[in-house]
Amino acid sequence: CSNLYPVKRLTMVAEALAEMNQCVKVEWTHIGDGLNVIRKEIFKILASTEANVTFKFLGRVKNKTVCDYYLTNPVDLFLNVSESEGLPVSIMEALSFGVPILATDAGGTREVVCDKVGRLISVSTNSVVLREYIKEFYQEYYGNEELRINAKKKWAEVVDSERNFSSFVESLKEI
């Protein structure tokens, strides 16, 4: 889930997946839209791969559609390789559905991503390193229910607005 902008480095994701060489079968579903030139480049990169990568581009959709997608489709890993972030809402949303995360340590990402919910990687990563992290996830964590449980817990502890609002109100009462 992201815009197709250079800062999101989605062509790096495509390059990493294209370099898998049949070792892992991947279905990349992308929600979001943006620059047509980036979409074309992703399609061009993935067209050169073996049959190990399929790509679905859903474009820009309403938030309810995103949530419905998470509810009705198994999502094994959420990737975010942005070189710059605030506190990424897309990651918080994925966590709320128990999706493990692989993300760059950009902006406030480290506030919601840790080893218990996935992996935080260097912003300076490249497609080769990213490919290895994806392979490692598949080999070591694929199907790991603990990561999913921890993802939901992390969301509840750090992000859940009802909990945070109640906590905020209590802190104001103490003042």
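## Aromatic cluster

Trp28, Phe43, Phe55 and Phe57 are joined into a cluster by ring pairs. Rings of Phe, Tyr and Trp (its six-membered ring) pair if their centres lie within 6.5 Å; planes under 30 degrees apart count as stacked, over 60 as edge-to-face and the rest as tilted. This is a predicted model, in which local features need pLDDT of at least 70 and side-chain atom pairs count only at pLDDT 80 or more, while totals for chains, interfaces and linings use all residues. Residues are numbered from 1 along each chain as its sequence is written, and side-chain values use heavy atoms, with hydrogens and water left out.

Over the whole structure, a search finds seven aromatic pairs. For Phe43 and Phe55, the ring centres are 5.3 Å apart and the planes stand at 70 degrees, so this pair is edge-to-face. The pair links distant parts of the chain, with Phe43 in helix H2 (residues 36–47) and Phe55 in strand S2 (residues 53–59), 12 residues apart. Helices (H or I, at least four residues) and strands (E, at least two) are DSSP runs, numbered from the N terminus. Phe43 is partly exposed at a relative accessible area of 38%, and Phe55 is also counted as partly exposed, at 22%. Buried means under 20% relative accessible area, exposed over 50%, and partly exposed in between (1.4 Å probe, protein chains only).

## Helix H1 and its contact with H2

Seven of the nine residues of H1 are buried, and the helix is mostly covered. The buried residues are Leu10, Met12, Val13, Ala14, Ala16, Leu17 and Ala18. They pack against strand S1 (26–31), H2, S2, S3 and H5, where contact means heavy atoms within 4.5 Å.

The axes of H1 (residues 10–18) and H2 come within 9 Å and cross at roughly 5 degrees. Axes are lines fitted to C-alpha atoms, for helices over the stretch in contact, and angles run from 0 to 180 degrees between N-to-C directions. H1 and H2 are therefore roughly parallel to each other. Angles under 35 degrees count as roughly parallel, over 145 as roughly antiparallel, 65 to 115 as roughly perpendicular and the rest as oblique. On the H1 side the contact involves Leu10, Thr11, Ala14, Glu15, Leu17 and Ala18, which meet Ile38, Glu41, Ile42, Ile45 and Leu46 in H2. By class, the contact of H1 with H2 has eight nonpolar, one polar and two charged residues. Here Ala, Val, Leu, Ile, Met, Phe, Trp, Tyr, Cys and Pro count as nonpolar, Asp, Glu, Lys and Arg as charged, and the others, Gly among them, as polar.

## The S3-S4-S5 sheet

Three strands form an open sheet in the order S3-S4-S5, with parallel pairing. S3 and S5 are the edge strands, each pairing on one side only. Neighbouring strands of this sheet are turned by 5 degrees against each other on average, direction ignored. Two strands pair if DSSP finds at least two bridges between them; strand S3 (residues 78–80) and S4 pair in the parallel sense over three bridges. Across this pairing, Phe78 stands opposite Ile101 in S4, and Leu79 opposite Leu102 in S4.

In a regular strand the side chains alternate between the two faces of the sheet. In strand S4 (residues 101–104), Ile101 and Ala103 point one way and Leu102 and Thr104 the other way, and all are buried.

Phe78, in strand S3, counts as buried at 6% relative accessibility. Not counting residues up to four places away in sequence, Phe78 touches Cys1, Tyr70, Ser90, Ile91, Ala94, Val99, Pro100, Ile101 and Leu102. Between Phe78 and Gly98 the C-alpha to C-alpha distance is 10 Å, at a sequence separation of 20 residues.

Thr125 is in the loop between strand S5 (118–121) and helix H5 (127–141). Its relative accessibility is 9%, which counts as buried. Leaving aside neighbours within four places in sequence, Thr125 is in contact with Arg9, Met12, Thr104 and Leu130.

## Helix H4

Helix H4 (residues 89–96) lies across S3 and S4 and runs at about 165 degrees to S3. With helix H6 (residues 145–159), H4 packs at an angle of about 125 degrees, the axes being 7 Å apart. That makes H4 oblique to H6.

Met92, Leu95 and Ser96 in H4 meet Ala151, Lys152, Lys154, Trp155 and Val159 in H6. The residues of this contact of H4 with H6 divide into five nonpolar, one polar and two charged.
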